[in-house]
Each structure stands twice: as C-alpha cells, then as structure tokens.
Amino acid sequence: MTAARRDVSTTPLTERGKMWNNAAKAGDRAGRANGRGMNREIGSVPCDASRFCVAPMMDWTDRHCRVFHRAISRHALLYTEMVTAAALVRGGARHLLAHDAGEHPLAVQLGGAEPHELAAAARICAEEGFGEINLNVGCPSDRVQSGCFGAVLMERPALVADCVAAMAAAAPGAEITVKCRIGVDRQIPEAVLPGFLETVAAAGVRRFAIHARKAWLQGLSPRDNRTVPPLDHALVVAMKRRFAHLTIAINGGIGTLDAARAFLGQGLDGVMIGRAAYQTPYDLLARADRDIFGAPSPVPSRGEVLDRMRPFIADHLRAGGRLHAITRHMLGLYAGCPGARQWRRILSEGAQRPGAGLDVLDAARAAVEPVAAAS
Ligand SMILES: Cc1cc2nc3c(=O)[nH]c(=O)nc-3n(C[C@H](O)[C@H](O)[C@H](O)COP(=O)(O)O)c2cc1C
C-alpha cells in the first residue's frame, strides 16, 4: 500500500505529515513528468488540488493557519502568505518559507517585479520543496505599489511575462502560476484581460487564479479593494471559455461550497476562496474532500478537527510557542453553531494569557460542544 492511499482520517497530524510529504514528493515527480505540479490521485481517481483552494492572505494563512485548514480538508490546495522576492533573496528570509510537511498540497506566493530577483527567489522556493510558485499580480496595498509590484503589474503584461519566464527557468521542477485581478483603475477589463492572459501564457504560465474585480490603486485601502470594486464573475467564466487550454480558477466573493461547485459546473477549473475559508473554515472545507474531490473519507466533525490539532499544538507549546499564535486562526471553527460566542470568547481571552495551554482549548470546547449538540 502506498503512503498516499493509507486512511489518514484518524492518524495524528505529525504522522500524517510524514505520509503526506511522501505523497507530495510522489505527486511532484508525477507533476514534473506531466508539467502540472499539483496533480495527485485519490485512490485511482485523478485529483487536481487546484480545483479548490484557500487564497494567499497576509497575516492570516501562516503555517499555523494552514495546519488548521489541513486538519479540516486533506485535499484543498493551500497557499502561503505572500513572501517578497527581495526579502528572500536579500534578507536571507528562508524562515518565511518554513512549513510542516503535512501542509501539502501547498503553494508559495511571491511578490516582486524584478525578473532576476524573482528567479533567485523561485530557486529558493523550489529548494524548499514547493511544487507551485505563484506570482502576485493582484495586491493593491501602498507598500506593494511603491515596490511596483502586485496589482500595478496588470498594466505591464510584458514585464510579468519576463518575470514568470525567469522564474520557470530558475525552478524547472516547479509550476509557475499567476494570481491577478481583472484590471486596475481606468483599464477596461474586457479589453485588457485577454491580452494580459495571452502575453503571460506565451511565457509558459498555464494556470491563473483571477480575482474577479478591479483593483483601484488610488484612494482605496487594500481592505476596501476587496469589497468596493464590483465583482465580475461572468468575465472570468468568459476567459475560461475563450482560453480553454488554460487552467483558470475564479476568486472573489465566493462564500459557500455550493457556490464553488456551481462555478466548477460552469466550466471553471478551480475556485479560490479567501475570507470565507478563514472566517467559516468548517463550512467551506469540511465537505470539500467529499463534494469537490470525490474522496471517500468521511467528513470530520469539529471535535475530530480539534483532536487532529492537539498534537501539533502540544509540540508548538513544548517548543515555547504561544497558544494564541495557533488558536487565533481557529476562532471560526464553530461559526454558525449555538455556543460559538463562548467558544470565541474563551479561546480569544484565555489563549492570550502568558503560559496558556491546552486546558484553554479544552475549556472552550467544553463550553460549546454540549450547546451545539443540543441544538
Ligand atoms: C487579510 C487578507 C490578506 C490578503 N493577502 C493577500 C496576499 O498576500 N496575496 C494575495 O494575492 N492576495 C491577498 N489577499 C486577497 C485574497 O487572496 C483574495 O484575493 C481576496 O480576499 C478575494 O477573495 P475572497 O472574496 O474569497 O476573500 C488578502 C486578503 C485578505 C482578506
């Protein structure tokens, strides 16, 4: 029996980490052979992790968050927070790439606009075991604009093409992907997006995640840039129809698993979920393995998710880490359940106290589970 096919639903995370790492390595080898870094198998059914993924989110999708998401869904593709190429190359910031083997399938996102620097950063990412390296062409924050990368690159497709070509040459074993917007500022998305995709695809990129709204680079905060510019999902669906040979995932404002499935039904290759996956992780991720990937494993209960997290949290505490660093990402686990407020309150207050341990998690669980079960 191969590691990839063992039943992992009851295996502790650390052990599963080893198994999944082996599976990921096997997947990498298969991926390199067929040019698709994220293809794996569930039993004998091909599984493309990029059909359903959790978006890169600064300060949110750190390694603790990803381990938590992985405890809910084994198959969803996870992304790191954006790491700037400059920080990696100049600052010796390899620690920003640290990850648990059990997080795979996992992609790293880079920010940058200088081909040589991105190439060097991509090489480092490949050495650190990432099979997918994603370039951020969607982030509108001031900091990102001043470095002239992120969403502002929507106006410079030729430069993006140079960047991804350099990254691919430097990291031939990894798949280079792009996450972009439909346009920025005064650009007319219908007019510019096809040309952007064509130019970047000609440089070798086959997979895009498209956030279905413009970024307004002047006058809107990054937060407002995720809500104020209107969504245009239809345009992303149209891009998939027009560029059938490209793998296109849709992102932006998708809040339920049913909505995600509906987009897959419209022909999109993947769905990328950001805020909803963070805020209501169980609702988005728990049924994804069964309903999106067709995996035979049973849907874990919230309690089983907590059981899976315990060994990881215990290791973290033993190594001197703070409980809150992990549990801050878990506050949404019971979202929508009766008792969710107590869960959040006990966990958020208790976990921040110096020396807080697993007893805080147990107390929060004891407060919510009987209420949730009685409803
Ligand atoms: C807190 C936060 C941080 C984000 N950081 C990044 C980032 O590092 N890179 C990126 O490409 N997008 C980033 N985004 C944008 C998300 O990846 C996603 O495109 C956006 O939230 C829209 O998807 P949603 O409506 O499903 O949340 C961030 C979003 C949030 C809420």
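Two strands pair if DSSP finds at least two bridges between them. By that rule β5 and β6 pair, in the parallel sense, over four bridges. One of the positions involved is Ala107, whose bridge partner in β6 is Glu132. To get from β5 to β6 the chain passes through helix α4, residues 115-127, and this β-α-β crossover is right-handed. The model shown here is a predicted one.

Now step back to the whole sheet. Eight strands close into a barrel, in the order β3-β4-β5-β6-β7-β8-β9-β10. The pairing is parallel. Neighbouring strands of this sheet are turned against each other by 25 degrees on average, direction ignored. In general, strands of a sheet pair through backbone hydrogen bonds, either parallel or antiparallel.

Go to the other neighbour of β5 in that order, β4. β4 runs parallel to strand β5 (residues 106-111), and five bridges join the two. Tyr79 stands opposite Ala107 in β5. The chain crosses from β4 to β5 through helix α3, residues 85-91, and this β-α-β crossover is right-handed. Further along the pair, Met82 stands opposite Gln109 in β5.

How many residues of β5 are buried? Six of its six are, so the strand is mostly covered, a residue being buried if 20 or more other C-beta atoms lie within 10 Å of its own. Both faces are covered. Leu106, Val108 and Leu110 are buried on one side. Ala107, Gln109 and Gly111 are buried on the other.

A cis peptide bond joins His104 and Pro105, with omega about 5 degrees. Pro105 sits in the loop between α3 and β5. Most peptide bonds are trans, and most residues other than glycine have a negative phi.

Phi of Asp59 is near 70 degrees, a positive value in a residue other than glycine. Asp59 is found in the loop between β3 (52-54) and α2 (63-72). Is Asp59 buried or exposed? Asp59 counts as exposed, because it has 8 C-beta neighbours inside 10 Å. Asp185 has a positive phi too, near 45 degrees. Its place is the loop between β7 and α7 (189-202). Asp185 counts as partly exposed, because it has 16 C-beta neighbours inside 10 Å.

Helix α6 (residues 157-170) lies across β6 (132-137) and β7 (175-181). The helix runs at about 155 degrees to β7.

Finally, turn to the ligand. Which residues come nearest? Of the 23 residues around the ligand, they are Ala55, Met57, Met82, Gly274 and Arg275. The elements that give two or more residues to this shell are β4 (77-84) and α10 (275-279). The shell divides into 10 nonpolar, eight polar and five charged residues. Gln109 itself is buried.

How values were computed: Residues numbered from 1 in each chain as written. Predicted model: local features only at pLDDT ≥ 70, side-chain atom pairs only at ≥ 80, totals over all residues. Near = placed C-beta within 6 Å. Nonpolar A, V, L, I, M, F, W, Y, C, P; charged D, E, K, R; others polar. Axes fitted to C-alpha atoms, helices over the stretch in contact; angles between N-to-C directions. Contact = placed C-beta atoms within 7 Å. Buried ≥ 20, exposed ≤ 12 C-beta atoms within 10 Å, placed from the backbone. Right-handed = clockwise from strand over helix to strand, strands pointing away.
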